[in-house]
Amino acid sequence: MMNKKNVAISGNHRRPGLTYWEKSQNLWGWLFIFPTMLGLVILNIWPMLQSFYQTFFRTGDFGRGNIYIGGQNYIQLLKDSEVWQALWNTLKLTLLQVPVSIAIALVLAVLLNRKMRGRAVYRAIFFLPMIAAPAAVAMVWKWLYNSQFGLLNHLFHTKIEWISNPAIAWISIAVIGIWSSIGYNMVLFLAGLQDIPKDYYEAGAIDGATGPAAFFRITLPLLSPMIFFVLVTSVISGLQVFDSIYMIMSKSNPALPKTQTIVYLFYQYSFVNGNKGYGSTIVILLLAVIMLITALQMKLQKKWVFYN
Amino acid sequence: MKTKSILSALLAGALTLTMTACSSSGSSTGTTTTKSADTQATDTGATTATGDESTATSEDSLTPSGSSDALEVLIWDTNQQPGIQEILDEFTEKTGIKTDLQVKSWDSYWTLLEAAAQAGGLPDVMWMHSNVSQMYMKNGLLLKLDDYIADSTEIDLSNYMSEITDLYTYDGATYGIPKDYDTIALWYNKTMFDAAGLSYPDATWTWDDLYENAKKLTKSDGSQYGFTLSPSNNQAGYYNVIYSMGGKVLSDDKKTSAYDDPTTIEAMELVGKIVADTCPDVTTMSETGDDVLFESGTVAMTTQGSWMVPAFKSNEYVAENCDVAVLPYAASTKTRASICNGLGWTASATSERPDDCWTLLEWLGSKDMQLKQAELGVTMSAYLNTSDAWAQNTDLFNLQAYLDVTTEQTGDATNELILRPYTYKTTVWEDAANQAFVSAWTDTSQMESVCKSVAQEMNTAISQENS
């Protein structure tokens, strides 16, 4: 997030007639962000352009002998119901995962912001999922969910097909996402909460705002910039879910068509079927969707985010 | 403000795009089930198995764990790892050339290999599979072996099963030394047969017998099923039914699909009947692999490839309760067909030490080591007349069942070995077929229409191959 800000703001610095001091500041500024910029260009921007370039080709074996086919990949994309289903799956997953995760993380953060016994322990426990490798997390959940031998069905004495019933598999996947992101979001909210001066609450208490009223009238508005940040980043990462699908859903899983995400589909085309041209086209679609949603959020933030 | 937000949106999106072009690194994951890799030692189905212990393998890149002067050897089957390691250790002792054996899961093996090929960094020595061998040979990625073979006293290609040698020959040039071959047989749970008072499967069994017995072994409360056959179990599963009944998966010229062939559809209808009446739900089979369902005593029978023997041998439950019999035959044709396939040992064309690579290939293909591979029970060897040694690697099971299908006739039926169907890019249409059959497995009355749509999809895929 930092480097993005730097790049975005740096454009405003070029004003005519800079003083010596300003020039020196300018130079040092650029010098400091240079390593990040370099990484961004080499690792992000150049591959991005290459991906875009690839969408106009039918890529050959091992990236050799690419054939230019114009917009054919895009035409195929528009007609490909599998892609649109995957896009809908991805959006559905994000719509469930992000609000629930944010709500739970927010409540936890508020609870753990008080003085209480074992506060550090609780904070550590909730943050733990963030430390585990996503693939390992998915693996463990896969075992928990297994309809034959899984712990969940064993505990509840049920026979629910958590990950192979098309109607509920996507919810099971979302639960993993929620579980893994709560800790991270909670820590961000805690940081946000600690920035809120106590005076507001004291003043509020005098006017009779305590408990829920204080939460909705003081905490929420003052935390809104942080909520906005978490929202934007969660939505973006939600739209890029791959690990859990890849690790949990087998190719013969009846629920796969209703749960596979755009990134999973892109992976299948690009790296399993060796069709990098079409794979890139799929990911361009995702790029467009993410840009659209993010731009929309940027616009809507004026309505609910309060900057002091 | 406006430009700023648009720019941030752009950049946020840009992060997604980066994923395409950075090839292998972005795609791999940290851990995999070894179990699922085993299941598909030579089968290409989907990742299925669960409930077993998993081993963490580094999937990100080829990182030599040994010294840098070791030859990198890459394989995909953890079941075979101990035996192969033993053979490699002996090689190092004899020649002083060090090796570094690495195992990846079946799925990540091919992802990794393709990325490595594109970057020009294939491992020195690796397994090759008929699914994609044509593509690797055509693109000149594998070391051409003809000159080495001509000068060698150890390797004479006429000593190996010609079908396997052919798989690793392209335009008259040889790129691989045959490693092994595999056949399919029917595993059954003796304890369950005894409890039901049924006699064990034998050479007199037809597919209808399998159906009848499996039905009797299926309990209505879902605690036990007669058979298991996941939609992705093609090589060890329904391919055998199709070919024994005289059907086909692929036309002889490998140009068109044969899933719309009436005999093939008839065979798949029978498969559908077996699935509907004697197997667990497709949901269950997709979560838990056929082999694991068998190992856990959930199902009474399963058809499995000979590459599964090391896994079953080391499973206490199977060792105690189960045995193996020859595949059933088709009553209509009096033919028993087993799909057969074999891997090849190949070397990278860009290896810095081609001569050392060859020394290793020569070692792995030599009569002594092929015999050793069989004796250790790693797999049946491609070297002719070594299979008896393999059949004796354990007395827990009647492994002769895997060899019977390689003879002319067993019982009333003629035996046929069918080479696993492959084209230039087998994986593409095979994956598509596996996924499509899920709906036919869910509702078996749709089998015919699914077969026909699979045929169409397969024809499109084959026509787009760059061969």
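A residue counts as buried when its relative accessible area is under 20%. In this predicted model, Asp323(B) has a relative accessibility of 14% and therefore counts as buried. Asp323(B) belongs to strand E11 of chain B, which spans residues 322-325. Its contacts, leaving aside residues up to four places away in sequence, are Leu186(B), Trp187(B), Tyr188(B), Lys190(B), Leu396(B), Phe397(B) and Asn398(B). Tyr188(B) is 135 residues from Asp323(B) in sequence, yet the two C-alpha atoms are 5.7 Å apart. Asn398(B) also takes part in a polar pairing: its backbone nitrogen lies 2.9 Å from a polar atom of the Asp323(B) side chain.

Asp431(B) is buried because its relative accessible area is 5%, below the 20% cut-off. The side chain of Asp431(B) reaches across to chain A, where it makes a polar contact of 3.3 Å with the side chain of Lys251(A).

Ser314(B) contrasts with these two residues. Its relative accessibility is 59%, so Ser314(B) counts as exposed. Ser314(B) sits in the loop between helix H15 (309-313) and helix H16 (316-321) of chain B. Asn79(B) lies 235 residues away along the chain, with a C-alpha separation of 9.6 Å from Ser314(B).

Helix H11 of chain B covers residues 234-244 and is mostly covered, with 11 of its 11 residues buried. Among them are Tyr238(B), Tyr239(B) and Tyr243(B), together with Asn234(B), Gln235(B) and Asn240(B). Asn233(B) caps the N-terminal end of H11(B). A side-chain oxygen of Asn233(B) lies 3.5 Å from the backbone nitrogen of Ala236(B). Just after the helix, Gly246(B) adopts a positive phi of about 95 degrees.

Helix packing was examined in both chains. Two packed helices are described by the angle between their axes and the distance between the axes. In chain B, helix H12 (residues 262-278) and helix H22 (residues 447-463) cross at roughly 130 degrees, and their axes come within 9 Å. H12(B) and H22(B) are therefore oblique to each other. Their crossing is right-handed. H12(B) contributes Ile265(B), Met268(B), Glu269(B) and Gly272(B) to the contact, while H22(B) contributes Met447(B), Glu448(B), Cys451(B) and Lys452(B). These residues divide into 4 nonpolar, 1 polar and 3 charged.

Chain A has 14 helices and 2 strands. Of its 308 residues, 45% are buried. Among contacts in chain A with a separation of 6 or more, 65% come from residues 24 or more positions apart.

Within chain A, helix H10 (residues 211-239) packs on helix H14 (residues 276-304) at an angle of about 165 degrees, with the axes 10 Å apart. The pair is therefore roughly antiparallel. H10(A) passes H14(A) in a right-handed crossing. From H10(A), the contact draws on Ser224(A), Ile227(A), Phe228(A), Leu231(A), Val232(A), Val235(A), Ile236(A) and Leu239(A). From H14(A), the contact draws on Leu286(A), Ile290(A), Ile293(A), Thr294(A), Gln297(A), Met298(A), Gln301(A) and Trp304(A). The contact residues of H10(A) and H14(A) comprise 12 nonpolar, 4 polar and no charged. An α-helix has 3.6 residues a turn, so residues three or four places apart point the same way.

Notes. Residues are numbered from 1 along each chain as its sequence is written. Chains are lettered from A and ligands numbered from 1 in the order in which they are written. This is a predicted model: local features need pLDDT of at least 70, side-chain atom pairs count only at pLDDT 80 or more; totals for chains, interfaces and linings use all residues. Side-chain values use heavy atoms; hydrogens and water are left out. Buried means under 20% relative accessible area, exposed over 50%, partly exposed in between (1.4 Å probe, protein chains only). A polar contact is a pair of N or O atoms within 3.5 Å; within protein, one must be able to donate a hydrogen and the other to accept it, and residues adjacent in sequence count only if both atoms are side-chain atoms. Axes are lines fitted to C-alpha atoms, for helices over the stretch in contact, and angles run from 0 to 180 degrees between N-to-C directions. Helices (H or I, at least four residues) and strands (E, at least two) are DSSP runs, numbered from the N terminus. Angles under 35 degrees count as roughly parallel, over 145 as roughly antiparallel, 65 to 115 as roughly perpendicular and the rest as oblique. A crossing is left-handed if the near helix is turned anticlockwise from the far one by less than a right angle, and right-handed if clockwise. Contact means heavy atoms within 4.5 Å. Ala, Val, Leu, Ile, Met, Phe, Trp, Tyr, Cys and Pro count as nonpolar, Asp, Glu, Lys and Arg as charged, and the others, Gly among them, as polar.
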